Amino acid sequence: MKSSESLLKEAEVFVSNFIPTNVPEKYIYHNLAHTKNVVNACREISSKYEISENEKEILELAAWFHDTGYDKGSLDHEGRSCEYVETFLKEKNYNPDNIQHIKGCIMATKVPQ
């Protein structure tokens, strides 16, 4: 299994290429800058609390992928984002329980919660 740092870097590279290439520019708020802001906010907030490194990784991976589903429109983008993160992480033999937690974090962004 990859180190957390390596996996998070791969996620950053993947999403940094995916969003500008696949998410239509009409979603001006749900762009790469927004995603990076969410990732940075997760890092800052999680550094202030006593949570495990595993939990920090889960939050950051969810932050990276949370809006990737906008590639096919806003309707059910959270569900597509979950599919994309699951595919990405399964290819890396990532812990299935953690994948479910990440998907739960992404689905928590669906309005109404």
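This is a predicted model: local features need pLDDT of at least 70, side-chain atom pairs count only at pLDDT 80 or more; totals for chains, interfaces and linings use all residues.

Colleague: What makes Glu86 count as buried or exposed?

Modeller: Buried means under 20% relative accessible area. Glu86 has 18% relative accessibility, so Glu86 counts as buried.

Colleague: Why is the pairing of Lys90 with Glu86 called a salt bridge?

Modeller: The rule asks for a side-chain nitrogen of Lys or Arg within 4 Å of a carboxyl oxygen of Asp or Glu. For Lys90 and Glu86 the closest N and O atoms are 3.4 Å apart, so the pair meets the rule. Behind the rule is a simple idea: side chains of opposite charge can pair when their charged atoms come close.

Colleague: How are Lys90 and Glu86 placed along helix H4?

Modeller: They sit 4 residues apart in helix H4 (residues 77-90), which means a separation of about one helical turn.

Colleague: What makes Asp71, Lys72 and Arg80 one network?

Modeller: Salt bridges that share partners join these three residues, Asp71, Lys72 and Arg80. Lys72 bridges to Asp71 with the closest N and O atoms 3.9 Å apart, and Asp71 also bridges to Arg80, again with 3.9 Å between the closest N and O atoms. Both distances lie within 4 Å, so both pairs qualify. By this rule the model has 10 salt bridges.

Colleague: Why are helices H1 and H3 called roughly parallel?

Modeller: The axes of H1 (residues 4-22) and H3 (residues 53-65) cross at roughly 10° and come within 9 Å. Angles under 35 degrees count as roughly parallel, so H1 is roughly parallel to H3. Residues making the contact include Leu7, Leu8 and Phe14 of H1 and Leu61, Trp64 and Phe65 of H3. The contact residues divide into 8 nonpolar, 2 polar and 3 charged.

Colleague: How do you know whether His34 is buried or exposed?

Modeller: His34, in helix H2 (residues 32-47), has 12% relative accessibility, so His34 counts as buried.

Colleague: And what makes the pairing of the His34 and Tyr29 side chains a polar contact?

Modeller: The cut-off for the N or O atoms is within 3.5 Å, and the contact between these side chains is listed at 3.5 Å. Not counting residues up to four places away in sequence, His34 touches Tyr29, His66 and Asp67.

Notes:
Residues are numbered from 1 along each chain as its sequence is written. Side-chain values use heavy atoms; hydrogens and water are left out. Axes are lines fitted to C-alpha atoms, for helices over the stretch in contact, and angles run from 0 to 180 degrees between N-to-C directions. Helices (H or I, at least four residues) and strands (E, at least two) are DSSP runs, numbered from the N terminus. Angles under 35 degrees count as roughly parallel, over 145 as roughly antiparallel, 65 to 115 as roughly perpendicular and the rest as oblique. Contact means heavy atoms within 4.5 Å. Ala, Val, Leu, Ile, Met, Phe, Trp, Tyr, Cys and Pro count as nonpolar, Asp, Glu, Lys and Arg as charged, and the others, Gly among them, as polar. Buried means under 20% relative accessible area, exposed over 50%, partly exposed in between (1.4 Å probe, protein chains only). A polar contact is a pair of N or O atoms within 3.5 Å; within protein, one must be able to donate a hydrogen and the other to accept it, and residues adjacent in sequence count only if both atoms are side-chain atoms.
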